[in-house]
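Here is a short report on one protein chain. Take a look at the sequence and the 3D view before reading on.

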Amino acid sequence: MSLKTHSVVIVGYGGMGSYHGKLILDNTRLKVTGTYDVLASRREASKEDGYPAYESYEAVLEDPSVDVVLIATPNDVHKELVISAMQHGKHVICEKPVTMNVKDFEEMMTVAKETGRVLMVHQNRRWDEDFRIIKEMYDKKTIGDLFQIESRVHGANGIPGDWRHLEAYGGGMLLDWGVHLLDQFVVMIDSKITSVTSRLSFILGDEVDDGFDAVLEFENGVTAIVEVGTTNFITLPRWYVKGTEGTAVIEDWSLTGRSVMQNREVGKIEPKPIKAGVGLTKTMAPPSEEATVTEALPKAFEHESSFYDNFANVVEGTAEPIVKNSEVLRVLNLIENVFKAARTREVVKDFDIYEPKN
Ligand code: NAD
């Protein structure tokens with residue numbers, strides 16, 4: 001039996017919209033049949049890429065041959081575009097952040113329920129291999145119980161583009177990269193977040209944050225340190241994690257990394273003191289080679305399907321969404337409280353809307 005192909009119109013044919021166009025070419029369940037962008041130049045670009053461009057959003061919504069609308073516009077207009085698409089009977093894929101606050105997303109979820117349409121948010125970094133390796137280590141306890149997980153993305157190019165510099169469009173790095181990194185923690189750690197502290201950075205003088213750091217504490221004892229920087233000419237590792245039996249690092253997107261554990265077979269070996277600066281230390285001396293075991297990182301766990309296949313299966317009623325709206329809502333609530341912690345410079349507690357899975 002051949003599966004149905006769902007026709008998709010990409011709305012917002014900029015950087016990410018055109019990237020979806022390329023990615024969906026390799027997918028058998030979805031087919032891009034057109035695009036719409038407010039800019040004539042982007043409608044021309046779409047035609048050059050082989051996708052017919054609609055002249056208005058209304059024309060997309062009134063076209064009965066369109067099954068799915070994929071929203072890849074700046075963040076401020078996601079809500080109105082998503083809601084009207086569902087009210088016209090379309091299923092929707094929406095780029096992250098789906099919207100900027102909990103209240104707006106609750107309204108969108110209500111419309112999804114009322115219309116019976118699928119609304120799935122493109123939290124694509126759940127498929128990133130670096131994240132899937134760390135989640136595998138967390139779940140399988142390959143270096144014992146992970147108790148501190150540090151997740152960083154560092155760049156030196158400032159805030160990109162135009163609208164990302166402006167608050168009214170939902171700009172800033174917490175809403176841009178932060179939403180990915182926080183989403184990864186929400187799906188990895190099945191425990192309530194008990195507190196958050198954070199700082200936003202405004203090094204570049206924009207009205208929105210050009211980076212942030214946040215510390216999240218989970219009820220199960222895990223601490224997460226999350227950092228996004230756009231003024232970092234020297235980068236720190238993408239992931240640095242500490243477990244009860246070892247330490248692991250993933251340096252970069254090429255997945256260079258390793259884990260180092262105590263060698264249980266040889267037992268404890270006293271380190272030799274080293275000269276450190278002008279002093280002498282045994283505490284900070286590196287463990288001898290025999291005292292530790294260095295291993296390659298484990299293989300990443302696999303999702304049961306790609307984002308697009310999962311979306312098609314959800315539309316057909318044969319699968320549960322991998323990106324659940326309850327998780328998206330929890331991340332938006334977390335983001336609101338990261339902003340609050342930064343603004344008030346206080347530890348924010350008792351905000352998480354975590355619901356135990358079992
Ligand atoms: P962009 O500026 O490159 O493109 C946005 C496009 O939307 C522009 O061509 C603009 O003309 C068009 N547009 C604006 N308002 C519109 C409207 N009302 N109707 C139709 N078109 C409209 O921005 P981008 O970098 O492509 O980001 C777009 C979205 O994709 C954002 O939500 C962003 O957060 C998200 N994004 C996601 C990822 C990811 O990995 N998931 C990566 C990049 C961007």
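## Burial and the model

A residue is buried when its relative accessible area is under 20%, exposed when it is over 50%, and partly exposed in between. Leucine 255 has 22% relative accessibility, so it counts as partly exposed. Keep in mind that this is a predicted model.

## Overall build

The protein holds 9 helices and 16 strands. Its radius of gyration is 23 Å, close to the 21 Å that the globule rule gives for 358 residues, so the protein is as compact as a globular protein of that length. The C-alpha trace spans about 75 × 55 × 40 Å along its principal axes.

Of the 358 residues, 52% are buried. Now take the contacts between residues at least 6 apart in sequence: 69% of them join residues at least 24 apart. The accessible surface is about 17,700 Å², and carbon and sulfur atoms account for 52% of it.

UniProt, in an unreviewed entry, places a "Gfo/Idh/MocA-like oxidoreductase N-terminal" domain at residues 8-122. This span is 43% helix and 21% strand. Its end C-alpha atoms are 14 Å apart.

The unreviewed UniProt entry also lists a "GFO/IDH/MocA-like oxidoreductase" domain at residues 131-248. Here the make-up is 22% helix and 35% strand. The end C-alpha atoms of residues 131-248 lie 13 Å apart.

## A covered helix

How many of the 9 residues of helix α8 are buried? The count is 8, so α8 (residues 307-315) is mostly covered, given that buried means under 20% relative accessible area. Among the buried ones are Phe307, Tyr308, Phe311 and Val315.

What do these buried residues pack against? The partners are β1 (6-11), α1 (15-24), β2 (30-36), β3 (68-71), β4 (91-95) and β5 (119-122). After α8 comes glycine 317, with a positive phi near 80°.

## Two buried residues

Glutamine 123 sits in the loop between β5 and α6 (129-140). Its relative accessible area is 3%, so glutamine 123 is buried. Beyond its neighbours within four places in sequence, glutamine 123 contacts Lys96, Val179, His180, Asp183, Phe307 and Val323. One of these, Phe307, is a buried residue of α8.

Alanine 341 belongs to helix α9 (residues 325-344). Its relative accessible area is 1%, so alanine 341 is buried too. Setting aside residues up to four places away in sequence, alanine 341 touches Val196, Thr197, Ser198, Glu346 and Val348. From alanine 341 to histidine 6 is 335 residues in sequence and 43 Å in space, C-alpha to C-alpha.

Most residues other than glycine have a negative phi, and most peptide bonds are trans. Some places in this chain depart from that pattern. Lysine 96 and proline 97 are joined by a cis peptide bond, with omega about -15°. Proline 97 lies in the loop between β4 and α5 (102-115).

Lysine 141 is not a glycine, but its phi is positive, near 55°. Lysine 141 is in the loop between α6 and β6 (146-154), and it is partly exposed, with a relative accessible area of 47%. Leucine 255 also has a positive phi, about 70°, without being a glycine. The loop that holds leucine 255 runs between β11 (246-250) and β12 (257-262).

Notes
Residues numbered from 1 in each chain as written. Predicted model: local features only at pLDDT ≥ 70, side-chain atom pairs only at ≥ 80, totals over all residues. Heavy atoms only, no water. UniProt positions renumbered as here; feature names shortened; annotations may be inferred. Helix = DSSP H or I, 4+ residues; strand = E, 2+ residues; numbered from the N terminus. Rg over C-alpha atoms; globule rule 2.2 N^0.38 Å. Buried < 20%, exposed > 50% of the residue type's maximum accessible area, 1.4 Å probe, protein only. Contact = heavy atoms within 4.5 Å. Areas by Shrake-Rupley, 256 points an atom, 1.4 Å probe, with all protein chains shown as cover.
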